[in-house]
Amino acid sequence: MRKNKIATLCLIASMVATTLAGCGNTKDPTNEQTGNTAVANTDNVSDITGTKADKTGMDSWKAFDENVTIKIPVYDRGVEGVPTVNDNYWTKWVQENFGDKYNITVKYVPITRTDVMTDYALLAASSELPTILMEYDYPKVAQWADEGYLTTFNMNDFAKVAPTYYNKMDENKQLPYTIMNGETYFALAERPYYNNGYTFQTFVRMDWLKQVGYDHVPQTRAEYIDAMTKMQEAGIAKNPAGGAMITGVGSDQNYGYRTFPQNEEEWAQIGDVNIPALGSKANYKLLKRANEDYNLGFTNPEYYITDEETNKASFINGDIYSYGNYISANMDWLNSFYEQNPNAELSVVPVGIVDEEGGTVPAYRSNNPFGMIIGFSSSATVDELKAGWMYMEWMTQKDTLFTMQWGVEGENYTMDASSGLPVSVGDYSGEYKQGYNNNKDYWCITIETRNAGTVKDMIKATSPKGLPQDFTQNIIDNFYKNEELIKQGYSCLDIIFSEPIEAETEYSGVLQELYKEYRDKLTMCKIEEFDALYTELTQKYMNAGYEKVMKQRLEAYKKGHSTKLQ
Amino acid sequence: MGRNKVELKKRLKRDWQLYLMLLFPVLMVIIFNYAAYPGLKMVFMDYKPARGYEGSEWVGLKIFQKIFCDGDFLRALRNSLTFNILDLIVSFPVPILLALMLNELRFKRFKKVTQTILYLPHFLSWVIIGSVAYTMFRPSTGLVNMVMTNIGLVTQGIPFLTEKWHWAVTYLFIGVWAGMGWGTIIYLAAISSVSKDLYEASMIDGAGRWKRIWHITLPGIKGTVVTLLIMNLGRIMGSNFERLDVFGNTQVRDFQYQLAVYIYEKGLGGGKFSQSTAVGLFQALVGLGLVLAADRVAKKLGEEGLI
């Protein structure tokens, strides 16, 4: 009887404890002890740097008297085969080599890659914003700045704590982008060769092309249609172009369909890839072609209910002609492709093709002249802010960065005796296993690509390894071709606004969803119905908020609160 | 009064474990259903998560004005009402019929196996159901369409989930399939409480199976039916985001765009917490109104009602 009573009590206690577990504020007690108030605007250099001596950077750093916790976001991409993003060998390595030295606890906060805004909003609502907030898209961080997520800071203070990081921003001419509404909100990571775009490559079935009489990748629209048709007729593939549903942001990039030189006001109104530009001439041409592809049967008729992973699987299984993605030394999907299709031959699609008859130019989207955009939580204390800057500076140091990017010698990489450069072990799976894309989601806070030697060396290091074919030279060729295109003005840098565009914040979500619906209707309608439907849906899109977005963008541009067309 | 106190003390002493265990659900309800109520004030604010309640601006009824003038909200409201009423019409009677049928089965093992098979879909998440549904019903590569095409029943695949009218029917019937087994449990329990004497007496009087169902079983579970109907009416404004999301695609958005989708896309997706909370509050108030009205009607018709 007594045993029963004790068991009952234990059961009830555990039930109640479980219920209440989520109700507490999990703020680190060590931070409460420091008694620091949140940073509004840190003008006092000595307060933030903690030193009045001449020394700056790591030489001037001392361990904090009381432990400081910093929370760093890290993308949890849901990729299989990578260690847990917030608890692995490398997070412990950071703690041991940086945190413990300066009495800082480094906590990583997993953020989903596809729903960044919601993740941060929920963290903010529960007063759990990480010390550092980072994102690749300028409109998103502009929204954070506007909605009070971020604190402003004094760039001189930052330069004192993190001089290497600051000098890098200065050298790369990034400082003007750190300001929003006249206040300093951001620090910016480096993006080497930001306007080249060589890191994304499209692979096509060269063996199929040879079967239908081509010794090269189709260069024009006419050649493309011919090759696809012949593939269908030869029974090689039913719907060779495949296809997947679009995701909204970044979809249907229309740079290749634009008229050059671009009209600057039109360029300003189109903005960036955050909201697809339905109604622009370039978008019309792009969707007209998508409609043609669909009606010719090149596109998978079920593409709109096929996700990207399924489309990738179709390429791996040898059902479709092409697939593109970012390159890295270890590309699982290419490994799988060759396992499934041992006799297949792939080719990298060459860049710089002009197709006057097809109405396209070799233009492409240049990335921003910076990588990650880094802001700091409005609820961070002075010490947390300083510790965050120290983390960024430490990560920027050559030896730290090299270890984070390449791993442990003899395990994650080997040194090539002839070139003296590191070579990644593509299939490494031991205890030092790095996170997604060579730990990129940790070191992206300072730089966007792995560095080792010249650009050729970099491409050699990041080109896919361990495959029956070597694409390194093709990628190098594409790199130099892109360099020529940059000189010709075909690397298109989107406008960046130094004030938040309110209509973008208000309507972007709705317009992204609406675009998916409309572009699929336009892709799948009959060819003869396309023009009328395009006009009708464009009007609806404008009424749903796009007109207001374009208007506000143009106003900001005219006020000089934006970059100019280069 | 004093006697009552003594009684209560006695009971507490005797059954303290039970009262202590009751503490858990009561705490759950207080914390998750009532403790969040002060947060409802965000419907009168332009709430920004980073600024909190103190830093966000009071805007009065502007959020409601904005919602009721929003074409997307009206579209979502129309779709939600239409589909929930259809869902009620299609889904509500099925568990009753199924319970009546199961009750008539005499081979116990067969009855139990059938019941178990019927319950199983309830335990599958909508993500799994959606994934299976797309595998089965894709227009050209779905199993059902492939079979029908191969045996010559159709020349072109039926767009079960990719054309809005077909989608509406498929969506509703998958809902029935997923929920009917679970719904029968309550009715079977109610049927089991109907006195066996009544059945025996009616059989002596020569009543057949249909007569027994009509005159004994159905009147016996009428109270349960009315209670569940009232509870279901309370959900007429609600919608299940998970279900809508897994069955959604761009071709059926005209019907799939219901309040749950509106709340997710405009609220959580767009960071407009005030707007989504206001819609949630609107749904809850209308639901409450419907429950109270239905309860009143039920009482007027001589039933016990819910409250």
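Me: Is E135(A) buried, exposed or partly exposed?

Reply: Burial is a count: a residue is buried if 20 or more other C-beta atoms (placed from the backbone) lie within 10 Å of its own, exposed if 12 or fewer, and partly exposed in between. E135(A) has 19 other C-beta atoms within 10 Å, so E135(A) is partly exposed. Please keep in mind that this is a predicted model, where local features need pLDDT of at least 70, side-chain atom pairs count only at pLDDT 80 or more, and totals for chains, interfaces and linings use all residues. Residues are numbered from 1 along each chain as its sequence is written, with chains lettered from A and ligands numbered from 1 in the order in which they are written.

Me: Where is E135(A) found, and with which residues is E135(A) in contact?

Reply: Strands (E, at least two residues) and helices (H or I, at least four) are DSSP runs, numbered from the N terminus. E135(A) is in strand β3 of chain A, residues 132–135. Two residues are in contact if their C-beta atoms, placed from the backbone, lie within 7 Å. Setting aside neighbours within four places in sequence, E135(A) is in contact with V116(A), K140(A), V141(A) and I373(A).

Me: Which residues have the most contacts inside the largest nonpolar core?

Reply: A nonpolar core is a set of buried Ala, Val, Leu, Ile, Met, Phe, Trp, Tyr and Cys residues joined through C-beta atoms within 7 Å. The largest has 91 residues, and I373(A), I374(A), Y391(A), I445(A) and L511(A) have the most contacts inside it. Helix α15 of chain A (residues 382–396) gives the largest share of this core, eight residues. A second, separate core has 32 residues, including Y304(A) and I67(B).

Me: How many residues of chain B are in contact with chain A?

Reply: On the chain B side there are 30, in contact with 27 residues of chain A. The largest share of that side of chain B, eight residues, comes from α2(B).

Me: How compact is chain A?

Reply: Chain A holds 21 helices and 14 strands. Its radius of gyration is 26 Å, close to the 24 Å that the rule gives for 566 residues, so chain A is as compact as a globular protein of that length. Buried residues make up 41% of its 566 residues.

Notes. The radius of gyration is taken over C-alpha atoms; the globule rule is 2.2 Å times the number of residues to the power 0.38.
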